[in-house]
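Me: I am new to this structure and would like to learn how to read its charges. Could you walk me through them?

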Amino acid sequence: MTNNIRTAGSAEICEGEYGSIAISGSCKILGNITFDELICSGSCNAAGDIKGGRASFSGSLKVNGAVHAEMLKASGSASVGGDITGGDIGFYGAITCAGKVKCEKLVFSGTARITGDCEAETVNAHLFTMGGLLNAGTVDIELPGGAESSVPEIGCEKLTVKYAHGFLLSKGFRSRLHGSLKVGSIEADTVDIVGVTADRIACTNAVIGSGCRIGTVEYTGTITVKDGAEIKEQRKV
């Protein structure tokens, strides 16, 4: 028989297989678990791996091991000691991952610090730092004002980088500071970017917008360089 847990307050969950888990309050997971559905509103601290179908966390999440979910939504702060894998993965707040991320759809709506590579079909990100390759079909990055994101390499079919709308400082006033993205190299079919500093871009078609500082652009199709962009060398190959 599959175990189901539903409780309010504090709970400890032993290692094992579960159907539905719903916690409102504080949750400690004492070992590796699998689940069909896991919903936690409050704090969740897992000593091992968590693996299952649908997971939703609201508050704080700390997992010492790896996380796998077909669908995962976490709002608040999250820390994962291992890899994050699955289907539709979204973090809406702050996420720190000591491993790599591999999924179908990935959303970082907030701040993200990823030690390893990130691989997905689609990536939507705001403020982030990645230690490895960002590899995806479509990458859409929105740069928040006054902050720098960074990643060593981006490889994708379509890369779009745009400025976030000015965020509200006080009533009637918005910041005019632009964010930025620092990348070692970019390889993509289509590039449409602003605020990017990169050593090298290799692509088919490119639109290089304001705030870009690029060493070399190698392209096979077309290139458009807008006002406020600087390119040391552009080469059609």
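**Reading the charges**

Reply: Let us start at the surface: E70, E104, D117, E119, E121, E153, E157 and D189 form a negative patch. Strands β9 (118-130) and β11 (148-163) are the elements that give two or more residues to this patch. This is a predicted model, where local features need pLDDT of at least 70, side-chain atom pairs count only at pLDDT 80 or more, and totals for chains, interfaces and linings use all residues. Residues are numbered from 1 along each chain as its sequence is written, and side-chain values use heavy atoms, leaving out hydrogens and water.

Me: What makes a patch?

Reply: Its residues have over 30% relative accessible area and no salt bridge, with like charges joined within 9 Å.

Me: Is D117 buried, exposed or partly exposed?

Reply: Buried means under 20% relative accessible area, exposed over 50%, and partly exposed in between (1.4 Å probe, protein chains only). D117 is partly exposed because its relative accessible area is 39%.

Me: How many salt bridges are there?

Reply: Side chains of opposite charge can pair when their charged atoms come close. A salt bridge needs a side-chain nitrogen of Lys or Arg within 4 Å of a carboxyl oxygen of Asp or Glu. The whole structure has 8 salt bridges. In one of them, R54 pairs with E37, with the closest N and O atoms 2.7 Å apart. R54 sits in strand β4 (residues 50-63) and E37 in strand β3 (residues 33-46), 17 residues apart.

Me: Which residues are linked in a network?

Reply: Salt bridges link E187, R200, E218, E233 and R235.

Conventions. Patch = residues over 30% accessible without salt bridge, like charges linked within 9 Å, V, L, I, M, F, W, Y side chains within 5 Å. Areas by Shrake-Rupley, 256 points an atom, 1.4 Å probe, with all protein chains shown as cover. Lys, Arg positive; Asp, Glu negative; His and termini not counted. Charge placed at Lys NZ, Arg CZ, Asp CG, Glu CD. Helix = DSSP H or I, 4+ residues; strand = E, 2+ residues; numbered from the N terminus.
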